[in-house]
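Please keep the sequence and the coordinates at hand while reading.

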Amino acid sequence: MQFSLIDVITLIGIIQGFLLSFVLFRLNEGNRSANSVLAGILVIASSVLLGRMIIAHDFAMHIFKWISFTDGIIFLFGPLTYLYVRRLIEARKQPFKLSFYHYVPAVLYALIFIFLRSRTEDQTIVLYQKGYIYWIFNSFEWVGLVSNFYYLYRSSLILRAYKKQEKNLLSYRQDFFQFLSIYLASVTVCIALWLFSYINAYYLQRFFVHINYNTIWFAIPLFIYLVGYFSLKQPELFRVKLSVDKVASTNRLNSFEVQRLKKRLVTIMEDNKLFLQADLTLSDVAGKIESSPNDLSWLLNNIYHLNFYDFVNQYRIEEFTAAVKRGEHHNLTILSMALDAGFKSKSTFNKAFKLYMKTTPREYIKNLANQIQAA
């Protein structure tokens, strides 16, 4: 028996998928509810790969009858992906759950599969000759494609909504956004390859050497490697509430309340320098000024005309520039000064600085030095 390169890649993906799912199931800290769903997704991907690998070799043809059952669990992939995204993004006392009807296609496939596999060989031949088997599996493949695209679309909407709300709730960027973006992109590639191969094989009767069903089995291990990479790079992915309750844009606070909150806000930001807290959130500040997150959000959006992210980062930029004017950049690196000012990463600092100061940190320091020399 000979193994090709794709067999080796697939086998490594299967082993890594099962091992990583085992580790995620046993994690007691971090996003346990989200990690358990991700572990389930990895089990599904690995199981499908294992079934396909067994089918692909002659030594396993005698058990093909039951091994192909693994194809049915692809109906769980979409709902679990959506469930994972919701649990990773949202912070709830009780983890988000999906209703039973989301799993109905998987249950129906299992029942029909068991019925067909319980038929005798002669009965199966008759069903095949009459076209029943073709239309059953053809219909289920369409259901699987539509289902996975639907849940992928729903997951993308959730991630997009989170991105819009993040700057209103946090003074920093969440680490998991990049992971989820790449995760959903990789799933999109797998499903797109599946759709392309399905249409060509069943309707156009065409076969492409480099893009076919085998390409999908090659892409799934890469998806597993991706999850493994981020699991090592970011062992704990943080969560935040998806959004605050929508509030009216006008007349939420009267003039007295506005002045009272502005005074308290200035005190904690300028005197107490609360902005130096790198993981500062809207809720943290609202609690300090004895207000609600909704009232504070309204104040920032309608009075300051800024979101929370930009409001806090302006103070951090001013803290950094003040340190430069004191000459601290001669003894400290720009990054260490940025971290001291409350920023969480170099990339976040550079983007905020250029947006607020219309120049880069190095150019600012250089221009300031030239101004001092000219004076």
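Helices are here DSSP runs of H or I with at least four residues, numbered from the N terminus. The model is a predicted one.

**Exercise 1.** Determine how Phe349 and Phe353 are placed relative to each other, and whether each is buried or exposed.

*Solution.* Begin with the sequence: Phe349 and Phe353 are 4 residues apart in helix H15, and therefore about one helical turn separates them. Next take the rings, whose centres lie 5.6 Å apart with 55° between the planes, so that the aromatic pair is classed as tilted. Then apply the cut-off for buried residues, which is under 20% relative accessible area: Phe349, at 1%, is buried, and Phe353, at 0%, is buried as well.

**Exercise 2.** Find which residues other than glycine, among them His305, have a positive phi, and describe where they lie.

*Solution.* Recall that most residues other than glycine have a negative phi. His305 has a positive phi of about 55° and belongs to the loop between helix H12 (293-304) and helix H13 (308-325). Lys358, with a phi near 60°, is placed in the loop between helix H15 (346-357) and helix H16 (361-374). For the last step the cut-off for exposed residues is over 50% relative accessible area, so His305, at 62%, counts as exposed, and Lys358, at 67%, is likewise exposed.

Terms used. Residues are numbered from 1 along each chain as its sequence is written. This is a predicted model: local features need pLDDT of at least 70, side-chain atom pairs count only at pLDDT 80 or more; totals for chains, interfaces and linings use all residues. Side-chain values use heavy atoms; hydrogens and water are left out. Helices (H or I, at least four residues) and strands (E, at least two) are DSSP runs, numbered from the N terminus. Buried means under 20% relative accessible area, exposed over 50%, partly exposed in between (1.4 Å probe, protein chains only). Rings of Phe, Tyr and Trp (its six-membered ring) pair if their centres lie within 6.5 Å; planes under 30 degrees apart count as stacked, over 60 as edge-to-face and the rest as tilted.
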